[in-house]
Amino acid sequence: MFKNLEEGMVYDIAVIGSGLAGLTAANYLAKLGYKTALFEQHYMLGGLAAHFSRKGHIFDVSLHGFPIGMVKSCRKYWSSEIADSIVQLKRICFLNPQFNIETTFTREDFTKILIERFHISPEAIENFFQKLNQMNFYDKDRRRTRDIFEEFFPGRNDVHRLLMEPISYANGSTMDDEAITYGIVFSNFMNKGVYTFEGGTDLLIKKMTDELLKNGVDIFKRSKVEKILLKDRQVVGVKVNGTHIQCHTVLSNAHVLNTIKNLIGEEYFLSEFLEKVRKTRINNSSCQVYIGIREGESIEDMGDLIFTSENERFDSTELRDFHTTSRTFSMYYPKTRPQEKPMYAIVASMNANWDDWNRLDEESYQREKKRIIEDSLQSLKQFIPHIREKIDYTEAATPKTLFRYTEHPCGTSFGTKFEGLEISMELSEQIKGLYHAGSVGIIMSGWLGAMNYGIITAHKIASNL
Ligand SMILES: Cc1cc2nc3c(=O)[nH]c(=O)nc-3n(C[C@H](O)[C@H](O)[C@H](O)COP(=O)(O)OP(=O)(O)OC[C@H]3O[C@@H](n4cnc5c(N)ncnc54)[C@H](O)[C@@H]3O)c2cc1C
(Lines give C-alpha, C1' and ligand atoms only; values in the text may rest on other atoms or scores of the structure.)
Protein backbone atom coordinates (compact mmCIF):
# COMPACT_ATOMS: atom_id res chain seq x y z
CA MET A 1 0.00 0.00 0.00
CA PHE A 2 2.76 2.44 0.94
CA LYS A 3 5.78 2.71 -1.34
CA ASN A 4 9.42 1.74 -0.87
CA LEU A 5 12.19 3.94 -2.17
CA GLU A 6 14.07 2.86 -5.27
CA GLU A 7 16.98 4.68 -6.86
CA GLY A 8 16.02 6.65 -9.99
CA MET A 9 12.23 6.76 -9.47
CA VAL A 10 10.72 9.59 -11.56
CA TYR A 11 7.86 11.90 -10.53
CA ASP A 12 6.28 15.10 -11.82
CA ILE A 13 6.04 16.48 -8.30
CA ALA A 14 7.60 15.59 -4.94
CA VAL A 15 5.76 16.82 -1.84
CA ILE A 16 7.99 16.96 1.25
CA GLY A 17 5.98 16.54 4.45
CA SER A 18 2.49 15.29 5.22
CA GLY A 19 1.12 18.17 7.27
CA LEU A 20 -2.37 19.30 6.23
CA ALA A 21 -0.89 21.60 3.56
CA GLY A 22 1.27 18.81 2.10
CA LEU A 23 -1.54 16.24 2.16
CA THR A 24 -4.08 18.57 0.57
CA ALA A 25 -1.69 19.79 -2.13
CA ALA A 26 -0.64 16.22 -2.99
CA ASN A 27 -4.26 15.14 -3.32
CA TYR A 28 -5.15 18.12 -5.53
CA LEU A 29 -2.13 17.65 -7.83
CA ALA A 30 -2.68 13.90 -8.19
CA LYS A 31 -6.32 14.49 -9.10
CA LEU A 32 -5.12 16.84 -11.87
CA GLY A 33 -3.15 13.90 -13.26
CA TYR A 34 0.40 14.70 -12.09
CA LYS A 35 2.53 11.78 -10.93
CA THR A 36 2.93 12.79 -7.31
CA ALA A 37 5.13 11.41 -4.52
CA LEU A 38 4.61 12.31 -0.86
CA PHE A 39 7.58 11.90 1.51
CA GLU A 40 7.08 11.95 5.27
CA GLN A 41 9.96 11.44 7.68
CA HIS A 42 7.65 10.17 10.42
CA TYR A 43 5.91 6.79 10.53
CA MET A 44 2.55 8.56 10.72
CA LEU A 45 0.99 11.07 8.33
CA GLY A 46 -0.60 14.36 9.40
CA GLY A 47 2.29 16.39 10.83
CA LEU A 48 0.92 18.45 13.71
CA ALA A 49 -2.53 17.06 12.94
CA ALA A 50 -1.35 14.22 15.15
CA HIS A 51 -2.80 11.81 17.67
CA PHE A 52 -1.27 9.19 19.93
CA SER A 53 -2.60 6.25 21.93
CA ARG A 54 -1.57 5.36 25.49
CA LYS A 55 -3.15 2.96 27.96
CA GLY A 56 -6.42 2.79 26.06
CA HIS A 57 -6.64 6.57 25.60
CA ILE A 58 -6.42 8.38 22.26
CA PHE A 59 -5.16 11.95 22.49
CA ASP A 60 -5.45 14.63 19.82
CA VAL A 61 -2.54 17.04 19.66
CA SER A 62 -4.10 19.85 17.64
CA LEU A 63 -7.77 19.02 17.11
CA HIS A 64 -9.13 21.73 19.39
CA GLY A 65 -11.19 23.80 17.00
CA PHE A 66 -11.22 25.41 13.58
CA PRO A 67 -13.56 27.73 11.64
CA ILE A 68 -16.55 26.64 9.52
CA GLY A 69 -14.48 27.24 6.36
CA MET A 70 -13.07 23.71 6.84
CA VAL A 71 -16.40 22.25 5.69
CA LYS A 72 -16.16 23.93 2.29
CA SER A 73 -12.44 23.20 1.87
CA CYS A 74 -12.86 19.54 2.82
CA ARG A 75 -15.85 19.09 0.51
CA LYS A 76 -14.07 20.74 -2.41
CA TYR A 77 -10.60 19.25 -2.00
CA TRP A 78 -11.20 15.99 -0.10
CA SER A 79 -14.62 14.34 0.05
CA SER A 80 -18.20 14.88 1.17
CA GLU A 81 -17.69 12.11 3.72
CA ILE A 82 -14.91 14.10 5.42
CA ALA A 83 -16.84 17.39 5.19
CA ASP A 84 -19.98 15.79 6.64
CA SER A 85 -18.08 14.68 9.76
CA ILE A 86 -17.33 18.26 10.79
CA VAL A 87 -19.47 19.31 13.76
CA GLN A 88 -19.81 22.45 15.84
CA LEU A 89 -18.36 22.85 19.33
CA LYS A 90 -21.24 24.74 20.91
CA ARG A 91 -19.95 25.51 24.39
CA ILE A 92 -16.90 27.78 24.52
CA CYS A 93 -16.19 29.01 28.05
CA PHE A 94 -14.00 31.68 29.61
CA LEU A 95 -13.05 31.59 33.28
CA ASN A 96 -10.71 34.31 34.55
CA PRO A 97 -10.66 37.11 37.18
CA GLN A 98 -12.29 39.50 34.71
CA PHE A 99 -15.24 37.35 33.59
CA ASN A 100 -16.93 33.95 33.56
CA ILE A 101 -18.74 33.52 30.26
CA GLU A 102 -20.10 30.80 28.02
CA THR A 103 -20.56 31.52 24.31
CA THR A 104 -21.18 29.84 20.97
CA PHE A 105 -18.34 32.00 19.62
CA THR A 106 -20.49 33.46 16.86
CA ARG A 107 -20.90 37.07 15.84
CA GLU A 108 -24.48 37.20 17.14
CA ASP A 109 -23.54 35.81 20.52
CA PHE A 110 -20.42 37.96 20.85
CA THR A 111 -22.45 41.07 19.98
CA LYS A 112 -25.01 40.17 22.63
CA ILE A 113 -22.31 39.53 25.25
CA LEU A 114 -20.43 42.72 24.43
CA ILE A 115 -23.63 44.76 24.79
CA GLU A 116 -25.14 43.06 27.84
CA ARG A 117 -22.08 42.05 29.85
CA PHE A 118 -19.48 44.59 28.79
CA HIS A 119 -21.87 47.52 28.09
CA ILE A 120 -20.31 48.34 24.73
CA SER A 121 -22.47 50.33 22.30
CA PRO A 122 -23.91 48.41 19.32
CA GLU A 123 -22.36 51.02 16.99
CA ALA A 124 -18.82 50.40 18.28
CA ILE A 125 -19.29 46.64 17.87
CA GLU A 126 -20.71 46.98 14.36
CA ASN A 127 -17.87 49.33 13.35
CA PHE A 128 -15.33 46.87 14.76
CA PHE A 129 -16.75 43.95 12.79
CA GLN A 130 -16.96 46.09 9.65
CA LYS A 131 -13.32 47.11 10.07
CA LEU A 132 -12.27 43.45 10.34
CA ASN A 133 -14.31 42.49 7.28
CA GLN A 134 -12.70 45.22 5.20
CA MET A 135 -9.16 44.12 6.06
CA ASN A 136 -7.30 42.99 3.01
CA PHE A 137 -3.91 41.33 2.73
CA TYR A 138 -2.94 43.64 -0.17
CA ASP A 139 -3.68 46.88 1.75
CA LYS A 140 -0.24 46.80 3.40
CA ASP A 141 -1.88 48.28 6.50
CA ARG A 142 0.87 47.89 9.09
CA ARG A 143 -1.20 48.72 12.17
CA ARG A 144 -1.01 46.30 15.09
CA THR A 145 -3.86 44.42 16.72
CA ARG A 146 -3.29 46.62 19.78
CA ASP A 147 -4.06 49.73 17.66
CA ILE A 148 -7.37 48.29 16.42
CA PHE A 149 -8.48 47.32 19.93
CA GLU A 150 -7.59 50.75 21.30
CA GLU A 151 -9.44 52.44 18.43
CA PHE A 152 -12.70 50.58 19.03
CA PHE A 153 -12.54 49.62 22.72
CA PRO A 154 -10.08 52.07 24.34
CA GLY A 155 -8.76 51.06 27.76
CA ARG A 156 -11.03 47.97 27.91
CA ASN A 157 -8.53 45.25 28.82
CA ASP A 158 -11.43 42.89 29.61
CA VAL A 159 -12.87 43.29 26.10
CA HIS A 160 -9.42 42.85 24.59
CA ARG A 161 -9.12 39.60 26.54
CA LEU A 162 -12.44 38.25 25.23
CA LEU A 163 -11.55 39.12 21.65
CA MET A 164 -7.88 38.18 21.64
CA GLU A 165 -7.24 35.29 24.05
CA PRO A 166 -8.63 32.47 21.86
CA ILE A 167 -6.81 33.81 18.79
CA SER A 168 -3.49 33.94 20.68
CA TYR A 169 -3.96 30.23 21.46
CA ALA A 170 -5.10 29.50 17.92
CA ASN A 171 -2.13 31.00 16.09
CA GLY A 172 0.37 32.40 18.58
CA SER A 173 -0.32 36.01 17.64
CA THR A 174 0.07 38.83 20.15
CA MET A 175 -1.21 42.40 20.42
CA ASP A 176 1.97 43.50 18.62
CA ASP A 177 1.41 41.43 15.49
CA GLU A 178 -0.03 42.95 12.31
CA ALA A 179 -3.77 43.58 12.79
CA ILE A 180 -4.53 41.68 9.58
CA THR A 181 -3.34 38.44 11.21
CA TYR A 182 -5.94 38.95 13.91
CA GLY A 183 -8.67 40.28 11.61
CA ILE A 184 -8.65 37.37 9.16
CA VAL A 185 -8.53 34.61 11.76
CA PHE A 186 -11.06 36.17 14.15
CA SER A 187 -13.49 36.89 11.28
CA ASN A 188 -13.18 33.26 10.13
CA PHE A 189 -14.26 32.06 13.56
CA MET A 190 -16.95 34.72 14.00
CA ASN A 191 -18.60 33.52 10.81
CA LYS A 192 -20.32 30.58 12.47
CA GLY A 193 -18.32 29.50 15.53
CA VAL A 194 -15.84 26.74 16.29
CA TYR A 195 -15.85 23.30 14.69
CA THR A 196 -14.16 19.94 15.09
CA PHE A 197 -13.88 16.64 13.24
CA GLU A 198 -16.15 13.98 14.72
CA GLY A 199 -14.16 10.77 14.89
CA GLY A 200 -10.85 12.34 15.92
CA THR A 201 -7.60 13.10 14.12
CA ASP A 202 -6.84 9.40 13.61
CA LEU A 203 -10.02 8.85 11.59
CA LEU A 204 -9.56 12.04 9.57
CA ILE A 205 -5.99 11.18 8.57
CA LYS A 206 -7.05 7.64 7.73
CA LYS A 207 -9.79 8.97 5.43
CA MET A 208 -7.36 11.41 3.83
CA THR A 209 -4.80 8.64 3.31
CA ASP A 210 -7.45 6.48 1.62
CA GLU A 211 -8.26 9.38 -0.71
CA LEU A 212 -4.59 9.98 -1.55
CA LEU A 213 -4.06 6.32 -2.41
CA LYS A 214 -7.29 6.21 -4.43
CA ASN A 215 -6.13 9.25 -6.41
CA GLY A 216 -2.76 7.69 -7.16
CA VAL A 217 -0.37 9.49 -4.79
CA ASP A 218 2.70 7.38 -3.97
CA ILE A 219 3.20 7.72 -0.21
CA PHE A 220 6.60 7.13 1.38
CA LYS A 221 6.66 7.01 5.19
CA ARG A 222 9.83 7.12 7.32
CA SER A 223 11.33 8.91 4.32
CA LYS A 224 13.29 11.98 5.21
CA VAL A 225 14.20 14.34 2.40
CA GLU A 226 17.80 15.33 3.08
CA LYS A 227 18.32 17.61 0.08
CA ILE A 228 16.44 19.14 -2.79
CA LEU A 229 18.73 18.59 -5.79
CA LEU A 230 19.38 21.47 -8.19
CA LYS A 231 21.00 22.05 -11.54
CA ASP A 232 21.47 25.67 -12.62
CA ARG A 233 19.03 26.82 -9.91
CA GLN A 234 16.32 24.48 -11.22
CA VAL A 235 14.95 21.57 -9.18
CA VAL A 236 15.98 18.20 -10.65
CA GLY A 237 15.18 15.85 -7.77
CA VAL A 238 15.28 15.04 -4.07
CA LYS A 239 17.59 12.90 -1.98
CA VAL A 240 15.51 10.77 0.39
CA ASN A 241 17.16 8.47 2.95
CA GLY A 242 20.21 8.46 0.65
CA THR A 243 18.15 7.57 -2.46
CA HIS A 244 17.87 9.89 -5.48
CA ILE A 245 14.39 10.56 -6.85
CA GLN A 246 13.93 12.58 -10.03
CA CYS A 247 11.40 15.42 -10.35
CA HIS A 248 11.32 18.97 -11.66
CA THR A 249 8.89 20.34 -9.10
CA VAL A 250 9.04 20.20 -5.31
CA LEU A 251 6.41 21.42 -2.89
CA SER A 252 8.00 21.63 0.54
CA ASN A 253 5.73 21.38 3.56
CA ALA A 254 8.77 21.43 5.84
CA HIS A 255 9.20 24.71 7.74
CA VAL A 256 9.96 27.49 5.26
CA LEU A 257 13.29 28.35 6.97
CA ASN A 258 14.38 24.68 6.99
CA THR A 259 13.48 24.51 3.31
CA ILE A 260 15.69 27.49 2.47
CA LYS A 261 18.60 26.83 4.83
CA ASN A 262 18.82 23.03 5.01
CA LEU A 263 16.99 21.45 2.10
CA ILE A 264 18.37 23.91 -0.47
CA GLY A 265 21.23 25.94 1.11
CA GLU A 266 21.48 29.71 1.45
CA GLU A 267 24.18 29.93 -1.25
CA TYR A 268 21.55 29.36 -3.95
CA PHE A 269 19.45 32.42 -3.08
CA LEU A 270 19.94 36.07 -4.07
CA SER A 271 21.20 38.37 -1.32
CA GLU A 272 18.12 40.60 -1.32
CA PHE A 273 15.92 37.57 -0.68
CA LEU A 274 18.26 36.29 2.04
CA GLU A 275 17.95 39.63 3.79
CA LYS A 276 14.20 39.00 4.10
CA VAL A 277 14.86 35.44 5.27
CA ARG A 278 17.13 36.72 8.05
CA LYS A 279 14.42 39.13 9.23
CA THR A 280 11.76 36.42 9.38
CA ARG A 281 10.71 35.70 12.96
CA ILE A 282 9.72 32.24 14.06
CA ASN A 283 6.33 32.00 15.77
CA ASN A 284 5.98 30.65 19.29
CA SER A 285 5.58 27.07 20.42
CA SER A 286 3.27 25.23 22.83
CA CYS A 287 3.17 22.98 25.86
CA GLN A 288 0.42 20.47 26.37
CA VAL A 289 -0.73 18.26 29.21
CA TYR A 290 -2.64 15.11 28.25
CA ILE A 291 -5.01 13.76 30.89
CA GLY A 292 -6.74 10.38 30.50
CA ILE A 293 -9.91 9.67 32.48
CA ARG A 294 -10.03 6.06 33.70
CA GLU A 295 -12.28 3.68 31.71
CA GLY A 296 -15.73 3.51 33.34
CA GLU A 297 -15.32 7.00 34.90
CA SER A 298 -17.09 10.00 33.41
CA ILE A 299 -17.15 13.76 33.70
CA GLU A 300 -20.20 15.90 33.15
CA ASP A 301 -20.40 18.11 30.07
CA MET A 302 -18.92 21.42 31.19
CA GLY A 303 -18.08 22.86 27.79
CA ASP A 304 -15.92 21.95 24.82
CA LEU A 305 -13.18 24.54 25.12
CA ILE A 306 -12.45 26.28 28.41
CA PHE A 307 -10.10 29.28 28.40
CA THR A 308 -8.83 29.72 31.95
CA SER A 309 -6.42 32.13 33.58
CA GLU A 310 -5.58 33.41 37.04
CA ASN A 311 -4.03 36.54 35.61
CA GLU A 312 -5.86 39.66 36.84
CA ARG A 313 -5.42 41.41 33.50
CA PHE A 314 -4.95 40.15 29.98
CA ASP A 315 -1.49 40.28 28.50
CA SER A 316 -0.92 38.29 25.30
CA THR A 317 2.79 37.84 26.06
CA GLU A 318 1.96 36.42 29.53
CA LEU A 319 0.23 33.54 27.75
CA ARG A 320 3.63 32.14 26.77
CA ASP A 321 5.38 32.81 30.09
CA PHE A 322 7.17 29.79 31.57
CA HIS A 323 4.91 30.02 34.63
CA THR A 324 1.75 31.14 32.87
CA THR A 325 -1.54 30.43 34.62
CA SER A 326 -3.36 30.79 31.29
CA ARG A 327 -4.33 27.56 29.57
CA THR A 328 -7.05 26.16 27.34
CA PHE A 329 -8.72 22.92 28.33
CA SER A 330 -10.01 20.92 25.38
CA MET A 331 -12.61 18.47 26.65
CA TYR A 332 -13.02 15.22 24.75
CA TYR A 333 -16.24 13.40 25.58
CA PRO A 334 -17.35 10.05 24.08
CA LYS A 335 -19.06 12.08 21.30
CA THR A 336 -15.59 12.97 19.94
CA ARG A 337 -15.02 9.36 18.87
CA PRO A 338 -18.45 7.70 18.62
CA GLN A 339 -16.80 4.76 16.80
CA GLU A 340 -14.66 3.88 19.87
CA LYS A 341 -15.55 2.69 23.37
CA PRO A 342 -16.83 5.63 25.46
CA MET A 343 -13.81 7.42 26.94
CA TYR A 344 -13.07 10.91 28.26
CA ALA A 345 -9.84 12.85 27.90
CA ILE A 346 -8.69 16.40 28.57
CA VAL A 347 -5.86 18.27 26.90
CA ALA A 348 -4.49 21.45 28.46
CA SER A 349 -2.67 23.72 26.01
CA MET A 350 -0.34 26.57 26.90
CA ASN A 351 1.66 28.83 24.60
CA ALA A 352 5.40 28.56 25.25
CA ASN A 353 8.84 29.91 24.36
CA TRP A 354 11.50 27.55 23.02
CA ASP A 355 14.34 29.07 25.06
CA ASP A 356 12.59 28.48 28.40
CA TRP A 357 12.60 24.73 27.74
CA ASN A 358 15.69 24.30 25.61
CA ARG A 359 18.02 25.74 28.25
CA LEU A 360 17.06 23.15 30.92
CA ASP A 361 19.30 20.19 31.78
CA GLU A 362 17.62 16.76 31.71
CA GLU A 363 16.77 16.69 35.41
CA SER A 364 15.24 20.19 35.40
CA TYR A 365 13.41 19.38 32.17
CA GLN A 366 11.71 16.34 33.72
CA ARG A 367 10.92 18.31 36.89
CA GLU A 368 9.32 21.15 34.91
CA LYS A 369 7.28 18.70 32.86
CA LYS A 370 5.89 17.30 36.14
CA ARG A 371 5.21 20.86 37.30
CA ILE A 372 3.06 21.75 34.29
CA ILE A 373 1.09 18.52 34.78
CA GLU A 374 0.54 19.41 38.47
CA ASP A 375 -0.40 23.02 37.62
CA SER A 376 -2.91 21.84 35.03
CA LEU A 377 -4.54 19.36 37.44
CA GLN A 378 -4.68 22.05 40.11
CA SER A 379 -6.40 24.40 37.68
CA LEU A 380 -8.84 21.69 36.59
CA LYS A 381 -9.92 21.23 40.21
CA GLN A 382 -11.86 24.49 40.04
CA PHE A 383 -14.48 22.80 37.86
CA ILE A 384 -13.77 19.06 38.41
CA PRO A 385 -13.02 18.88 42.18
CA HIS A 386 -12.17 15.15 42.24
CA ILE A 387 -10.17 15.08 39.04
CA ARG A 388 -7.19 13.25 40.57
CA GLU A 389 -9.39 10.31 41.54
CA LYS A 390 -10.73 9.99 37.99
CA ILE A 391 -7.50 9.89 36.01
CA ASP A 392 -5.12 7.06 35.17
CA TYR A 393 -2.75 8.74 32.70
CA THR A 394 -0.94 12.06 32.38
CA GLU A 395 1.86 13.18 30.09
CA ALA A 396 3.31 16.52 29.01
CA ALA A 397 4.66 17.75 25.69
CA THR A 398 6.92 20.78 25.36
CA PRO A 399 8.47 22.80 22.52
CA LYS A 400 11.24 20.17 22.48
CA THR A 401 8.66 17.45 21.81
CA LEU A 402 7.29 19.43 18.87
CA PHE A 403 10.81 19.95 17.54
CA ARG A 404 11.60 16.24 17.80
CA TYR A 405 8.42 15.38 15.96
CA THR A 406 8.52 17.94 13.10
CA GLU A 407 12.03 19.47 13.15
CA HIS A 408 10.40 22.90 12.95
CA PRO A 409 12.88 25.48 14.25
CA CYS A 410 12.35 26.22 17.94
CA GLY A 411 9.52 23.65 17.93
CA THR A 412 7.20 26.29 16.55
CA SER A 413 3.50 25.39 16.49
CA PHE A 414 2.50 28.12 14.07
CA GLY A 415 5.26 28.59 11.48
CA THR A 416 6.46 32.15 11.22
CA LYS A 417 5.30 35.66 11.94
CA PHE A 418 3.63 37.67 9.17
CA GLU A 419 6.76 38.36 7.08
CA GLY A 420 7.29 34.60 6.50
CA LEU A 421 4.43 34.51 3.99
CA GLU A 422 6.31 36.71 1.53
CA ILE A 423 9.41 34.52 1.44
CA SER A 424 7.28 31.41 1.18
CA MET A 425 5.43 32.82 -1.84
CA GLU A 426 8.62 34.05 -3.53
CA LEU A 427 10.52 30.74 -3.45
CA SER A 428 9.63 29.83 -7.03
CA GLU A 429 11.09 33.15 -8.25
CA GLN A 430 14.41 32.19 -6.64
CA ILE A 431 14.65 28.51 -7.61
CA LYS A 432 12.77 27.17 -10.63
CA GLY A 433 10.42 24.38 -9.60
CA LEU A 434 10.56 25.09 -5.84
CA TYR A 435 7.38 25.86 -3.90
CA HIS A 436 6.36 25.96 -0.24
CA ALA A 437 3.04 25.43 1.54
CA GLY A 438 2.49 25.15 5.28
CA SER A 439 2.11 27.32 8.34
CA VAL A 440 3.51 30.77 7.58
CA GLY A 441 2.60 34.38 8.16
CA ILE A 442 0.09 33.55 10.94
CA ILE A 443 -2.83 33.78 8.49
CA MET A 444 -1.75 30.59 6.71
CA SER A 445 -1.46 28.55 9.90
CA GLY A 446 -3.98 26.40 11.73
CA TRP A 447 -5.87 23.53 10.10
CA LEU A 448 -7.85 25.76 7.73
CA GLY A 449 -4.98 28.12 6.91
CA ALA A 450 -2.51 25.29 6.20
CA MET A 451 -5.01 23.34 4.11
CA ASN A 452 -6.03 26.36 2.04
CA TYR A 453 -2.41 27.39 1.55
CA GLY A 454 -1.72 23.88 0.24
CA ILE A 455 -4.39 24.46 -2.41
CA ILE A 456 -3.15 27.96 -3.29
CA THR A 457 0.37 26.61 -3.86
CA ALA A 458 -0.82 23.50 -5.73
CA HIS A 459 -2.85 25.76 -8.00
CA LYS A 460 0.21 27.92 -8.63
CA ILE A 461 2.24 24.81 -9.49
CA ALA A 462 -0.43 23.58 -11.90
CA SER A 463 -0.57 26.92 -13.69
CA ASN A 464 3.23 27.02 -14.03
CA LEU A 465 3.63 23.46 -15.32
C1 LIG B 1 -0.23 22.06 20.27
C2 LIG B 1 -0.89 22.58 19.03
C3 LIG B 1 -2.24 22.86 19.02
C4 LIG B 1 -2.85 23.31 17.86
N5 LIG B 1 -4.20 23.52 17.87
C6 LIG B 1 -4.82 23.87 16.72
C7 LIG B 1 -6.24 24.00 16.68
O8 LIG B 1 -6.94 23.75 17.64
N9 LIG B 1 -6.82 24.40 15.52
C10 LIG B 1 -6.09 24.66 14.40
O11 LIG B 1 -6.68 25.00 13.39
N12 LIG B 1 -4.74 24.53 14.41
C13 LIG B 1 -4.10 24.14 15.54
N14 LIG B 1 -2.74 23.99 15.56
C15 LIG B 1 -1.98 24.33 14.36
C16 LIG B 1 -2.13 23.30 13.25
O17 LIG B 1 -2.05 22.00 13.80
C18 LIG B 1 -1.01 23.50 12.25
O19 LIG B 1 -1.01 24.86 11.83
C20 LIG B 1 -1.18 22.64 11.01
O21 LIG B 1 -1.53 21.32 11.34
C22 LIG B 1 0.16 22.68 10.31
O23 LIG B 1 0.10 22.05 9.07
P24 LIG B 1 1.30 22.22 8.08
O25 LIG B 1 0.81 21.83 6.74
O26 LIG B 1 1.93 23.56 8.21
O27 LIG B 1 2.39 21.12 8.44
P28 LIG B 1 2.94 20.44 9.78
O29 LIG B 1 1.83 19.88 10.55
O30 LIG B 1 3.87 21.37 10.44
O31 LIG B 1 3.73 19.20 9.16
C32 LIG B 1 4.93 19.28 8.45
C33 LIG B 1 5.33 17.86 8.12
O34 LIG B 1 6.54 17.87 7.36
C35 LIG B 1 7.34 16.79 7.79
N36 LIG B 1 8.71 17.07 7.41
C37 LIG B 1 9.46 18.14 7.77
N38 LIG B 1 10.68 18.07 7.21
C39 LIG B 1 10.69 16.94 6.46
C40 LIG B 1 11.67 16.32 5.63
N41 LIG B 1 12.87 16.88 5.43
N42 LIG B 1 11.36 15.15 5.00
C43 LIG B 1 10.14 14.57 5.18
N44 LIG B 1 9.18 15.11 5.96
C45 LIG B 1 9.45 16.29 6.58
C46 LIG B 1 7.13 16.76 9.29
O47 LIG B 1 7.50 15.52 9.85
C48 LIG B 1 5.62 17.02 9.36
O49 LIG B 1 4.89 15.81 9.27
C50 LIG B 1 -2.09 23.53 16.70
C51 LIG B 1 -0.72 23.24 16.70
C52 LIG B 1 -0.13 22.76 17.86
C53 LIG B 1 1.32 22.43 17.84
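This is a predicted model: local features need pLDDT of at least 70, side-chain atom pairs count only at pLDDT 80 or more; totals for chains, interfaces and linings use all residues.
**Group meeting: a walk through the fold**

Now the overall picture. The protein chain holds 17 helices and 19 strands. Its C-alpha atoms fill a box of roughly 65 × 50 × 50 Å along the principal axes. How does the radius of gyration compare with that of a compact globule? For 465 residues, a compact globule would come out near 23 Å, and this chain has 22 Å, so the two agree. As for burial, 50% of the 465 residues are buried.

Let's zoom in on one strand, β16, residues 327-332. Six of its six residues are buried, so the strand is largely enclosed by the rest of the structure. Here is a handy reminder: in a regular strand, side chains alternate between the two faces of the sheet. So which residues sit on each side of β16? On one side you find Arg-327, Phe-329 and Met-331, and on the other Thr-328, Ser-330 and Tyr-332; both faces are covered.

And who are the strand's neighbours? Strand β15, residues 305-308, pairs with β16 in the antiparallel sense over four bridges, and Ile-306 has Phe-329 of β16 as its bridge partner. Strand β17, residues 345-352, also runs antiparallel to β16, joined by five bridges. There, Tyr-332 has Ala-345 of β17 as its bridge partner.

Next, a helix: α8, residues 179-192. At 1.5 Å a residue, its 14 residues should span 20 Å, and the end C-alpha atoms lie 21 Å apart, so the length agrees. This helix is mostly covered, with 10 of its 14 residues buried; among them are Tyr-182, Phe-186 and Phe-189. Just past the end of α8, have a look at Gly-193, which takes a positive phi of about 105°.

Last stop, the ligand. How many residues surround it? The count is 38, and the closest are Gly-17, Gly-19, Ala-21, Gly-47 and His-64. The elements giving two or more residues to this shell are α1 (20-31), β14 (285-293), α15 (399-406) and α17 (446-464). By type, the shell divides into 15 nonpolar, 20 polar and three charged residues.

Notes: Residues are numbered from 1 along each chain as its sequence is written. A residue is buried if 20 or more other C-beta atoms lie within 10 Å of its own, exposed if 12 or fewer, and partly exposed in between; C-beta atoms are placed from the backbone. Two strands pair if DSSP finds at least two bridges between them. A residue is near a molecule or strand if its C-beta atom, placed from the backbone, lies within 6 Å of it. Ala, Val, Leu, Ile, Met, Phe, Trp, Tyr, Cys and Pro count as nonpolar, Asp, Glu, Lys and Arg as charged, and the others, Gly among them, as polar. The expected span of a helix is 1.5 Å times one less than its number of residues. The radius of gyration is taken over C-alpha atoms; the globule rule is 2.2 Å times the number of residues to the power 0.38.
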